[in-house]
Amino acid sequence: VGTNSYLLGATIPVSPVAKVMLSWTMLTPNTNMKDAYNAKNQSAYNLAYSYNFTKRTNMYAYVGVMDNVGTIDTAKQTTVGLGMRHSF
């Protein structure tokens, strides 16, 4: 039983204090896993935005959508987050 995993991501500066981050990931089960568990390819799409108020404080928001969660056909998940970070 095994899988292969792939990731493609990018960070795009939109101003001196803001950036957009994108990523795509895919998990592909090997032949044994497909045969034994009818496993499907799992894929995830993510989008995030980060804004720096100062060098030590920023705010961020993100959303992620995943298909075939845990390689289970039709299982879906959506994650949304919003936060503020301060470094001491």
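How accessible is Asp67? At 23% relative accessibility, Asp67 comes out as partly exposed (buried is under 20% relative accessible area, exposed over 50%, partly exposed in between, with a 1.4 Å probe and protein chains only). The views below come from a predicted model, where local features need pLDDT of at least 70, side-chain atom pairs count only at pLDDT 80 or more, and totals for chains, interfaces and linings use all residues. Residues are numbered from 1 along each chain as its sequence is written, and side-chain values use heavy atoms, with hydrogens and water left out.

**View 1**
Two strands pair if DSSP finds at least two bridges between them. The elements themselves are DSSP runs numbered from the N terminus: helices are H or I with at least four residues, strands are E with at least two. As a reminder, strands of a sheet pair through backbone hydrogen bonds, either parallel or antiparallel.

**View 1. The hairpin of strands 1 and 2.**
Strand 1 and strand 2 form a hairpin with 2 residues between them. Their antiparallel pairing runs over 12 bridges. To find your way along it, look for Ser5, which stands opposite Leu27 in strand 2, and for Ile12, whose bridge partner in strand 2 is Val20.

**View 2. From strand 2 across to strand 3.**
Strand 2 (residues 18-29) and strand 3 (residues 42-52) pair in the antiparallel sense over 10 bridges. Ser23 has Asn46 of strand 3 as its bridge partner, while Trp24 has Tyr45 of strand 3.

Asn30 sits in the loop between strand 2 and helix 1. With a relative accessible area of 27%, Asn30 is partly exposed. Asn30 and Ile12 are 18 residues apart along the chain, and their C-alpha atoms are separated by 34 Å.

**View 3. The salt bridge of Asp67 and Lys76.**
What is the count of salt bridges? By the rule used here, it comes to 1 salt bridge (a side-chain nitrogen of Lys or Arg within 4 Å of a carboxyl oxygen of Asp or Glu). Asp67 pairs up with Lys76, and the closest N and O atoms are 3.1 Å apart. Lys76 counts as exposed, at 61% relative accessibility, whereas Asp67 is partly exposed at 23%. In general, side chains of opposite charge can pair when their charged atoms come close.

**View 4. Two pairs of aromatic rings.**
There are 2 aromatic pairs in the structure. The ring centres of Tyr51 and Phe53 are 5.2 Å apart with the planes at 70 degrees, so this pair is edge-to-face. For Tyr60 and Tyr62, the centres are 6.4 Å apart and the planes at 10 degrees, so that pair is stacked. The rule covers rings of Phe, Tyr and Trp (its six-membered ring) with centres within 6.5 Å; planes under 30 degrees apart count as stacked, over 60 as edge-to-face and the rest as tilted. Tyr51 is partly exposed at 33% relative accessibility, and Phe53 is partly exposed too, at 47%. Tyr60 is partly exposed at 27%, and so is Tyr62, at 38%.

**View 5. Asn58 and its contact with Ser50.**
Asn58 lies in strand 4. At 7% relative accessibility, Asn58 counts as buried. A polar contact of 2.8 Å links the side chains of Asn58 and Ser50 (a pair of N or O atoms within 3.5 Å; within protein, one must be able to donate a hydrogen and the other to accept it, and residues adjacent in sequence count only if both atoms are side-chain atoms).

**View 6. Confidence along the chain.**
The protein has a mean pLDDT of 93, and 99% of its residues reach 70 or more (pLDDT is the predictor's confidence in each residue, from 0 to 100).
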